[in-house]
Amino acid sequence: MAEINNPFESNQAFKRAVNRGMVLDALRDGPASRLRLHKRTGIRLTTVGDLVEEMLAAKLLVETGSAPRGEGERGRPEQLLELNLSEPYALGVYVDKERLRTGRVNLAGKMTASREAVVENAENGTQLVAQIAREVKAVLSEGSPPLEHCLGLGLSLPGILNAENGSVLLSSAFPGLEKGPPLAQRVAQATGIARVTLGNVANSHLTAERLYGAIRGMRDAVLVILEPGQIGAAILSDGRPIRGMFESSAELGHFKIEADGPPCACGGNGCLETFIAWKYLRRQLIDKGRGDLAELGPVAFWTSEKPACAELRAEAIRRMGRAIGSLVNLTRPAAVVLSGSLAVHEKTMCEPLRAAIRRETLKPFGERLEMPAGALGLSAGIVGGASLVLQSVFTIPEVAAV
Ligand SMILES: [Zn+2]
């Protein structure tokens with residue numbers, strides 16, 4: 001028989017966390033009275049009452065007036081409760097080699113302030129932490145509720161991370177962050193926010209799309225991040241993200257597409273990322289006698305309507321479809337969410353990619369597979385970071401059998 005791995009101090013603490021998660025989750029569908037919450041969740045009315053008092057005191061909920069009376073209901077009218085969308089908030093930070101996005105996100109997953117800056121020096125860890133702290137302070141000064149309502153700061157970045165101590169183990173974008181004290185600790189010190197959570201960018205997007213977006217409530221899904229020259233994935237399996245040994249994403253970019261392909265930065269050959277890198281695509285354009293298009297740059301290439309670009313893009317998308325299709329055959333998700341800055345381009349990216357994935361997927365999976373574009377679009381970076389914090393508010397804990 002499987003043993004039970006219970007991370008809570010006692011069964012009572014576990015039950016309370018489950019009940020609390022269920023009540024908060026039920027309120028995400030709209031305001032409800034204590035009685036309605038009892039009916040929606042099946043939790044005893046007195047327990048609902050206790051939990052609600054606790055959450056009112058913590059300012060996670062607010063009372064918003066009387067509920068309309070149902071037929072035959074007598075006595076004092078029930079008070080309606082809803083999530084407090086004006087006070088508690090999480091800070092979300094997304095950083096890649098070029099951009100630093102910082103914002104404030106409420107319990108409904110709505111961004112209530114945001115900023116974007118060009119990364120000043122990705123190589124230097126100290127300068128990067130200082131820039132993050134400046135951006136966070138600027139967001140806090142833009143009409144934020146007092147710091148006591150800040151639930152924490154979630155920092156989303158590419159790389160392999162140690163989620164337990166908040167350090168960066170390997171990041172080609174930020175080699176300077178691999179040394180020195182853990183990044184989470186450095187950001188906490190520099191910003192004055194005690195609770196800092198680190199997450200890999202694909203896992204952060206997956207968390208956000210599951211909490212607020214295209215796969216809310218789903219238990220099996222794959223999220224693919226599409227950026228110019230980069231591709232990554234995160235996998236949700238039976239309601240849990242697959243973390244593997246570290247906080248990292250599925251390394252889809254290093255899926256071996258061709259044994260004798262171009263050399264990759266990882267030391268291997270023929271990785272998917274080498275075929276979608278601008279360096280490779282640019283070379284192809286020059287070899288095809290279209291040196292004029294080589295000046296387009298990695299962003300414009302993916303949306304250009306020039307036939308030479310469309311042809312080369314079709315080849316790249318076919319390779320992406322092969323890698324993602326294999327991932328679908330391996331993990332059998334109900335949905336593949338297309339996220340990242342290229343996923344906002346329905347005609348040049350999402351449509352042909354869906355067809356390419358379906359071609360490479362075993363029929364019974366492919367026929368039922370949903371492939372929505374991420375609902376959070378370009379705000380997924382900031383909301384993803386914030387979701388690393390917000391998920392702890394809404395998650396209904398499950399006990400894992402080991
Ligand atoms: Zn590689």
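Author: Happy to; we will take a few labels in turn. Please keep in mind that this is a predicted model.

Reader: What makes Val-201 count as buried?

Author: A residue is called buried when 20 or more other C-beta atoms lie within 10 Å of its own. Val-201 has 27 such neighbours, so Val-201 counts as buried. Val-201 is part of helix H6 (residues 201-212).

Reader: Which residues does Val-201 touch, leaving out those up to four places away in sequence?

Author: They are Tyr-94, Ser-156, Leu-157, Pro-158, Ile-225, Gly-232 and Gly-384. As for Leu-157, 44 residues separate it from Val-201 in sequence, while their C-alpha atoms are 4.9 Å apart.

Reader: Why are the buried residues of H5 said to line one face of the helix?

Author: Helix H5 (residues 183-191) has Leu-183, Ala-184, Arg-186, Val-187 and Thr-191 as its buried residues. Looking down the axis of H5, they fall within an arc of 160 degrees, so they line one face. Their cover includes helix H4 (125-141) and strands E8 (150-157), E10 (167-170) and E11 (196-200).

Reader: Which residues touch the most other members of the largest nonpolar core?

Author: Leu-223, Val-224, Ala-233, Leu-272 and Met-320, out of 105 residues in that core. Helix H10 (residues 307-331) supplies the largest share of this core, with 9 residues. Beyond four places in sequence, the contacts of Leu-272 include Ile-231, Leu-252, Phe-255, Met-320 and Ala-323.

Key: Residues numbered from 1 in each chain as written. Predicted model: local features only at pLDDT ≥ 70, side-chain atom pairs only at ≥ 80, totals over all residues. Core = buried A, V, L, I, M, F, W, Y, C linked by C-beta atoms within 7 Å. Buried ≥ 20, exposed ≤ 12 C-beta atoms within 10 Å, placed from the backbone. Helix = DSSP H or I, 4+ residues; strand = E, 2+ residues; numbered from the N terminus. Contact = placed C-beta atoms within 7 Å. Arc of directions from axis to C-beta.
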